[in-house]
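Please keep the picture in view while reading.

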Amino acid sequence: MSTGNGSGRGAAGNGHGARLRLKLRIWRQAGPDEPGGFLDVDAHDIPEDCSFLEMLDIVNERLIDDDIEPITFAHDCREGICGTCGVMINGRPHGPESATATCQLHMRKFRDGDEIVIEPFRAASFPVVKDLMVDRRAFDRIIESGGYISAPTGTAPDANEIPVPKDVADFAMDAAACIGCGACVAACPNSAAQLFTAAKLGHLNVLPQGQPERWRRAEAMVETMESFFGSCTNHGECTEACPKEISLDFIAVLNRDYLKAKVKNRRLASQT
Amino acid sequence: MTVLDARVPEGPIADKWDNHKFSVKLVNPANKRRFKILVVGTGLAGASAAASLAELGYKVEAFTFHDSPRRAHSIAAQGGINAAKNYRNDGDSVYRLFYDTVKGGDYRSREANVYRLSQVSLNIIDQCAAQGVPFAREYGGLLANRSFGGAQVSRTFYARGQTGQQLLLGAYQAMASQIAAGGVTLHNRADVLDIVVKDGEAVGIVTRDLLTGEVRAHSGHAVVLATGGYGNVYYLSTNAMNCNVTAAWRAHRRGATFANPCYTQIHPTCIPASDEFQSKLTLMSESLRNDGRIWVPRNMDDARAAADIGDADRYYFLEEKYPAFGNLVPRDVASRNAKTVVDQGLGVGPLRNGVYLDFADVIARDGEQVVREKYGNLFDMYERITGENPYRSPMRIYPATHYTMGGLWVDYNLMTNVPGLYALGECNFSDHGANRLGASALMQGLADGYFVLPYTIGDYLAPKLAEAPVPTDDPAFAAAVAEVDDRTRGWLAKRGTRSVDHYHRELGKIVWEYCGMARNRTGLEKALSEIPALREEFRANVKVLGSADSTNQSLEQVNRVDDFMEMAELKVRDALHREESCGGHFREEHQTPEGEALRDDENFAYVAAWDWQGPDRPQELVKEPLTFENVKPTQRSYK
């Protein structure tokens, strides 16, 4: 795969240019309420240097040539940050490489002759839109329920008025790195969204700026999450599938804050 | 003939914005709810504007073609955001940031706008910190800074290598709280395909639902476009795949002048394309040039691996040509020189389309561990994409389109020449002149959305207090809806032979070849004959399968490529007319004996705004003269 001592100027100096022949089984579904099924594609001459989505581009170009409607799949930035892409590859969200979104997975991770099964993320709260594209709007409902710090434009004090210890800022950033792709939900046997919610909640709840709304936020986000998604039973599949390696620790933060919130919010309510 | 009035306030540069804020008309708090504002795009500029306007009490409708506002391409910005906080005590000031930005823009921006940008940069950092953006911190808990290209002070705030992501999440969350509060109504997967203008004023938009294909009219008192840049006219760029010029271009066709389309920023350190299948280019942070040495083999037939080539046979072209700045020359200079050596046949890699960025010396000097701590994530990303280990062999890099400085012309209020139509962020032309400095795009997007538009939009709305929005059954809306529907369905009837992507790639090749890093009259004239021919073939022969009444990604894309086909021609004409070199626009005919960009301030110190004359006639040039009362234009030199 990688070279020992430099790529050299000429072509194919280090295996560049190798081509794969793959047996693809791709999920096709015309719409949310239509039945779906697999399309078998004999994908020959796939450059090993292309990304997984570029492989699908090539397949689509060939389908168009054959007057077959191309496969619908969600994608945008293709550099692993927007969270738009994501499919099940041989049963794993985003495929075999750890810490890698589908768009960053490259075909050199596969071998000539491999069979690759490509399906949409599967979860009741992520209905299939078409083919490999799903609807993840339930995530936005969780954010709208409390995943923010209320700071209307113009009200902020000088930025250095609120010191944040470096380890707290780093911990918040570890959580905030979540790209909202939904792989955690797709990986979970219960289709739970704990890791996503915990990442968003953890980012805000550990920061000093997030304290005034902390308990309200925890209660609102968790309950909104539960209205859409399944329950967490600590399988840990989510963090394995996460392209940003969000830690299970944040689920512990979520559980702690939710429990405390149930007590604190009730006590506050009784005082009024 | 359209006349452009920039409406720059009177007074000394430092007082203009304050004076202006006092002189613009206000809408009283109780009346704001009577105004409906349509915000198109939910990146930094759009989301921050939607949130801020709703907080003020306006009724906002926000539109994005994404499934979630959080996916806008602002999210991919890595490096940071500038602000003149002077937290480092190193001599920064509002005036210095203003000065650096005007100079960095090669004296082709509007001084008053840039000064205001620099002023509100202070508020942006406060705002974002209060929202919980996890900026990098020092051990004392205060904010950290780094330095960035084109500046001698450390004024860049950052959140690891994901600053754009964190700022966008902040703006998105602010908007989400307003969605929950009822101030913002969000329309996702809504592709804006036309702007509706009635009696000369913008009164609404036409959208197509990307899931159902439904074409719908939306009406409002004002329309705000925050739809990003036009970098995907090159097909290959660092932009996201779905970035497009359509909303801005449709506004242009409805009368909004398009300014300086030839200004494009090429980023020097991207991973080169590896084959025809390549769909986009990935940027590697510019910081790598601090420690990497850029070279190519001197001999074009040298087939040895990089490590086997001795120093005598290596051509360190930047170090040789620019001994003082070496590998740290500005983006445009580094990019052009890489192109020169590749054009000479000295390029490296399977397609011989890159140059080496070599870390062997720094690894030998400081050890692999030090390099890993500094650049580990970038090296990992490089290996993931190329399959090559940059600790063992040099990276291969090549320049790629990254940002577009041109865009819809706007006045000091960020209003286009169509009353009621505003343009924010990368979508407008106003603040970066002919070249943008690093860490300034995020600053401008948020400045426009959080701190400029909320003040200036009242000036337009206040006199309209008694007016209801134009109803969507008005003939102006009905006509626009019918036009969008016909245009969209028309593609399905072509039954041609080549895919949309095929034509987009072909267009990109022409624009990159003749209107990329370096341009000349012969090439531009060639492009001017090739683009219309390609467009004609595309319109006759493109093949779009499927239906207009459900999700159809080819159909989404074909409208966008169609608009790029027209936009590309204007871009080339603008490049042809500007007989000078400045910033991101390098005309080979106009260079100093040392090969640097040679401006012509006497004849070209103006904004070139192009006025649509109908589909069969070329746009007319309208000039906004630029005057520099504070920063004296000088010639750049990096020798």
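The conversation below concerns a predicted model and goes from one chain to the other.

Student: What share of the residues in chain A is buried?
Tutor: As this is a predicted model, the count rests on computed positions, and a residue is called buried if 20 or more other C-beta atoms lie within 10 Å of its own. Chain A has 272 residues, with eight helices and seven strands among its elements, and its C-alpha trace spans about 70 × 50 × 35 Å along its principal axes. The share of buried residues in chain A is 54%.

Student: How many residues of domain 1 of chain A are in contact with domain 2 of chain A?
Tutor: The domain assignment gives domain 1 of chain A as 19–130 and domain 2 as 137–148 + 164–271, and the centres of these two domains, taken over C-alpha atoms, are separated by 29 Å. On the side of domain 2 of chain A, 15 residues take part in the contact, and on the side of domain 1 the number is 18. By class, that side of domain 1 of chain A consists of six polar, two charged and 10 nonpolar residues, and the number asked for, as said, is 18.

Student: Which helix gives the most to the side of domain 1 of chain B that touches domain 2 of chain B?
Tutor: In chain B the assignment places domain 1 at 266–401 and domain 2 at 490–607, with 28 Å between their centres. Six residues of domain 1 of chain B are in contact with six residues of domain 2. With four residues, the element that gives the most to the domain 1 side is helix 8 (residues 331–343) of chain B.

Student: Why is one side of strand 6 and of strand 8 of chain B left without a neighbour in the sheet?
Tutor: Three strands of chain B form an open sheet with antiparallel pairing, in the order 6-7-8. Strand 6 (190–198) and strand 8 (215–219) of chain B therefore each have a single partner strand, because both stand at the edges.

Student: What is the bridge partner of Val206(B) in strand 8 of chain B?
Tutor: Strands of a sheet pair through backbone hydrogen bonds, either parallel or antiparallel. Strand 7 (residues 201–209) of chain B pairs with strand 8 in the antiparallel sense over five bridges. In strand 8, the partner of Val206(B) is Ala217(B).

Student: Which helix lies across strand 6, strand 7 and strand 8 of chain B?
Tutor: The helix in question runs at about 140° to strand 6 of chain B. Looking at residues 475–494 of chain B, one finds the element that lies across these strands, helix 12.

Terms used
Residues are numbered from 1 along each chain as its sequence is written. Chains are lettered from A and ligands numbered from 1 in the order in which they are written. This is a predicted model: local features need pLDDT of at least 70, side-chain atom pairs count only at pLDDT 80 or more; totals for chains, interfaces and linings use all residues. Two strands pair if DSSP finds at least two bridges between them. Helices (H or I, at least four residues) and strands (E, at least two) are DSSP runs, numbered from the N terminus. Two residues are in contact if their C-beta atoms, placed from the backbone, lie within 7 Å. Axes are lines fitted to C-alpha atoms, for helices over the stretch in contact, and angles run from 0 to 180 degrees between N-to-C directions. Domain bounds come from an automatic or database domain assignment. Ala, Val, Leu, Ile, Met, Phe, Trp, Tyr, Cys and Pro count as nonpolar, Asp, Glu, Lys and Arg as charged, and the others, Gly among them, as polar. A residue is buried if 20 or more other C-beta atoms lie within 10 Å of its own, exposed if 12 or fewer, and partly exposed in between; C-beta atoms are placed from the backbone.
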